[in-house]
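Please walk through the structure below, one feature at a time.

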Amino acid sequence: SGIKGFGNDFWYVRGTGIYRSSDLGTSWTSVHTQTAAQNDINLVQDLSGCMLGWSAGTTGTTSKMTGVPPPPAVCTYTWTPQTSGSTALLYSVKSVNNLVAWSAGATAVVRRTTDGGTTWTNANPNPGVIVGDIYNVEAIDANTAYVTTSAASTFIYKTTNGGTNWTQVYTVAGGFINTIKMISPLNGYAF
């Protein structure tokens, strides 16, 4: 979850730093320093061919990366710190497009932005439905997302209304699901 790439470009988070490699990982350059440790990074390719995305970490920190379309060949990128509205440790972030991203973490915190990160809203407003720490969020769009928790049992929850309501769709006793990866709106993997 802490490393993502497209083509020759790879990005990863470690501690408070965000790093980039443009040569398939042979060398790495620090491109942004956040105020708190980052746990996850997620990127998507925008219509110009550049990447955009978010990082998420401790004390609710988030940062958004945007790319400037290449004149002929190389995109230039800028990371901008954002306020998620939570101080909880964020374990996971999922970029859907340039406006929509979801983040989740400790104490069942789920945050969502639909305006490029200008505002992040509480996407788990009904306490007690999701309990425990959320280790992964997988978002399909602004309304549909899945999260997984792990404690004595692992649960997968789904929302189809932007987080207003969550429904438990899977559980396994004594297991641990670290990642959900959807390959289409109806099919995916949990491992």
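**A guided reading**

Leu24 is exposed, with a relative accessible area of 56%; exposed means over 50%, buried under 20% and partly exposed in between, using a 1.4 Å probe and protein chains only. This is a predicted model, in which local features need pLDDT of at least 70 and side-chain atom pairs count only at pLDDT 80 or more, while totals for chains, interfaces and linings use all residues. Residues are numbered from 1 along each chain as its sequence is written, and side-chain values use heavy atoms, with hydrogens and water left out.

Leu24 sits in the loop between strand 3 (17-21) and strand 4 (29-33); strands are DSSP runs of E with at least two residues, numbered from the N terminus. Its phi is positive, about 60°, although Leu24 is not a glycine. Most residues other than glycine have a negative phi. Thr59, also not a glycine, has a positive phi of about 50°. Thr59 is found in the loop between strand 6 and strand 7 and is partly exposed, with a relative accessible area of 49%.

The whole structure holds one disulfide, a term for a pair of cysteine sulfur atoms within 2.5 Å. Cys50 and Cys75 form this link, with their sulfur atoms 2.2 Å apart. Cys50 lies in the loop between strand 5 (38-45) and strand 6 (51-57), and Cys75 in the loop between strand 7 (61-68) and strand 8 (76-83), so the pair ties together parts that are 25 residues apart in sequence. The link is left-handed, with -95° about the S-S bond, and both cysteines, Cys50 and Cys75, are buried.

Aromatic rings come next. Rings of Phe, Tyr and Trp (its six-membered ring) pair if their centres lie within 6.5 Å; planes under 30 degrees apart count as stacked, over 60 as edge-to-face and the rest as tilted. By this rule there are nine aromatic pairs. One of them joins Trp102 and Trp166 edge-to-face, at 6.3 Å centre to centre and 85° between the planes. Trp102 is in strand 10 (residues 101-105) and Trp166 in the loop between strand 15 (153-159) and strand 16 (167-173), 64 residues apart. Both Trp102 and Trp166 are buried. Phe155 and Tyr157 have ring centres 6.0 Å apart and planes at 35°, so this pair is tilted. Phe155 is partly exposed at 21% relative accessibility, whereas Tyr157 is buried at 3%. Trp11, Tyr77 and Trp79 form one aromatic cluster.

Conventions
Helices (H or I, at least four residues) and strands (E, at least two) are DSSP runs, numbered from the N terminus.
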